[in-house]
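Subject: Structure handover and notes

Dear colleague,

I am passing on the structure we spoke about, and my notes on it follow below. Please look through the model first and then read on.

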Amino acid sequence: MKPIFTLIGMLLFSASAMHAGDIYVSTCGNDSLSGQADAPLRTVAEAMKRAREWRRLKSPEAEGDIRIILADGVYRQTEPLFVRPEDSGKPGSATIVCSAEGSNAVISGGVEVTGWTKGCDDSRIAPGLRDRIWVADAPMNGNRMVETRQLYVNGRKAVRASQFEPGKMERMVDFNPSELTITVPAPDMDLSSASQLEMYVHQRWAIAILRVKSITPDGKGNVVVRFHDPESRLEFAHPWPQPVIGGEKGNSSYFLANALQLLDTPGEWYQDYPSGRIYYYPREGEEMNRSNVVIPVLETILAVDGTRERTVSDVRFENVAFEYAAWTRPSREGHVTLQGGFRLLDAYKLKVPGLPEKSELENQAWIARPEAAVTVSHASGIDFDRCRFSHLGATGLDFITAVKNSEVTACTFEDIGGTALQMGTFPDGGFETHVPYIPAVDSDICSDITVSGNLITDVTNEDWGCVGIGAGYVRDVTISDNELSHLNYSGICVGWGWTALESGMRNNRITDNYVHHFATQLYDAGGIYTLSNQPGSVISGNRIEDLVKAPYATNDRGFYIYFDEATDGFTVEGNLCPDPEFGYNRPGPSMKIRNNGPDVKLNNRFADK
């Protein structure tokens, strides 16, 4: 076998200059081999283990950088790839995971769907469409059939069978918290037996995904819809945000999805339960047995996971793609959020307002962090350069806690269901979200992170209430020179807590970015959006345009820059936008806002866009 692998090495890695600390990986390699260019390993996990052993044993190969070089191809993960404190490099000796020169390596959490057959006699499908539908069994993951909410055909996301075309909704008739019901116009077909049916509800700056329990005609051309718990309890108990009845521009909107009866448009699909069978209506030119059909299995593809006592340091990812991560939780418990994709664990309106930290507070809420394809915790020097994050169900990249001195540069984020890039603490679990977060250990705050030169587009395409770049409690963060577009809610959001009190947020810079085509579905949005007191922070040199008038908004609260509750400590100047009348919600006394609007002359790469 040696001559064969020698040839493989010559073909796959001939363009790479070899160093003593190089480990080579190929989809046609073997984990029992040496990992040299002519004998590559097969898995990234084994390569990480080899590098770990070099460092543990103080081998000569660990004196400089250790490079894990991936040949072109898709590296499918059956479990998350973990990077641990033992994988840490040091200055001058980083661990680098990269594609071979001229190659495009993909680390994937997906699995292919094969064995498609054309035609279906299921009575739930309209007779005229049954010969157009293709059917396949869901693949197995271990001893269980994969359940999914995402399906991709030839790299293009399919749409879950829906009542209307993508982006279209209908106004509800009534929202009744006392009865725990929503009344809507009767659909064109009987959906009372659709056991997996869901309702997507537009509620100002967020959406809710509610599993339908029953649909009952009201005798007036409408139906009354009830929902499963826990989402039913949460949806009707929490006051912010709730749907609006009698708004300036009409009632809040909704659409129904995920029933085989609704499968009537090319590009739509449905997974049956409990059979797991997948139904798909192909787009023009799609031949299913010749198509690459992928569903994601893993929610997290990569986890860089240190601890407060032992952090991970000096690990870089260069020119690597992270693709196909799942988001399945709404199928089990619905999805009701407070803001930014953070789902509610509990929330309700206070009968007597006020907390010690905020006397006027009228509601309480406890939240949970969204799932993410790539996570980083308790780490420093974790860099992503020229990487691609795509076909991901929830958050793309998440710097969760105690991440420092790290960079995300020249990366592409596209086709992501939630937020592209998230960082910082958003107090969750048992921490009430309106109480200012002051960590017992100061280093737990994410700091000194640079996000620069990235392209972010077509994100928030499952949870519309997510954002392009979202930062919670952070300090000394720079968000610069990024382009963000086609977002259902806000672009760059920095801050959390709704508080004027000091909380550790400070010296954050949002400069020289280009944000456009945002707020395409929701409102109360900003191209740049801020919350709470952040002394020494700056918003400058940004180009913000193409604020979309969200078609189902109940008012016109969308802004190029939105200073939401208690924003303070910012200097805001030299931002190019059509209208300098920004949004304000009780800003603090230390704001400096000057020289913004359509006549600003920029001095950056977005000046002539």
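Does Arg 56 count as buried or exposed, and what is its relative accessibility? At 54% relative accessibility, Arg 56 counts as exposed, where buried means under 20% relative accessible area, exposed means over 50% and partly exposed lies in between, all with a 1.4 Å probe and protein chains only.

Before going further, please note that this is a predicted model, in which local features need pLDDT of at least 70 and side-chain atom pairs count only at pLDDT 80 or more, while totals for chains, interfaces and linings use all residues. Residues are numbered from 1 along each chain as its sequence is written, and side-chain values use heavy atoms, with hydrogens and water left out.

The overall picture

For 609 residues a compact globule would have a radius of gyration near 25 Å, and the protein agrees with its 25 Å; the radius is taken over C-alpha atoms, and the globule rule is 2.2 Å times the number of residues to the power 0.38. Along the principal axes, the C-alpha trace spans about 80 × 65 × 45 Å. Buried residues account for 61% of the 609 residues. Of the contacts (heavy atoms within 4.5 Å) between residues at least 6 apart in sequence, 74% join residues at least 24 apart.

Salt bridges

The structure holds 34 salt bridges, each being a side-chain nitrogen of Lys or Arg within 4 Å of a carboxyl oxygen of Asp or Glu. In one of them, the side chains of Glu 53 and Arg 56 meet at 2.7 Å, N to O. Both residues lie in helix H2 (residues 44–56), 3 residues apart, which is about one turn of the helix. Glu 53 is partly exposed, with a relative accessible area of 28%.

A salt bridge also joins the side chains of Lys 157 and Glu 462, at 2.9 Å from N to O. This pair links distant parts of the chain, 305 residues apart, with Lys 157 in strand E13 (residues 156–157) and Glu 462 in the loop between strand E37 (455–459) and strand E38 (469–471). Lys 157 counts as buried at 18% relative accessibility, and Glu 462 counts as buried at 12%.

Arg 605 forms a salt bridge with Asp 481, and their closest N and O atoms are 2.7 Å apart. Here too distant parts of the chain are linked, 124 residues apart, since Arg 605 is in the segment after strand E51 (592–594) and Asp 481 is in the loop between strand E40 (478–480) and strand E41 (483–485). Arg 605 is partly exposed at 47% relative accessibility, and Asp 481 is partly exposed at 23%. Elsewhere, salt bridges that share partners join Arg 316, Glu 318, Asp 385 and Arg 386 into one network.

Asp 564 sits in the loop between strand E48 (558–563) and strand E49 (568–573). Asp 564 is buried yet has no salt bridge, and the nearest side chain of opposite charge (Lys and Arg count as positive and Asp and Glu as negative, with His and the chain ends not counted) is Arg 557, 5.8 Å away. Leaving aside residues up to four places away in sequence, Asp 564 touches Trp 498, Tyr 529, Thr 530, Leu 531 and Asn 585.

Methods
Helices (H or I, at least four residues) and strands (E, at least two) are DSSP runs, numbered from the N terminus.
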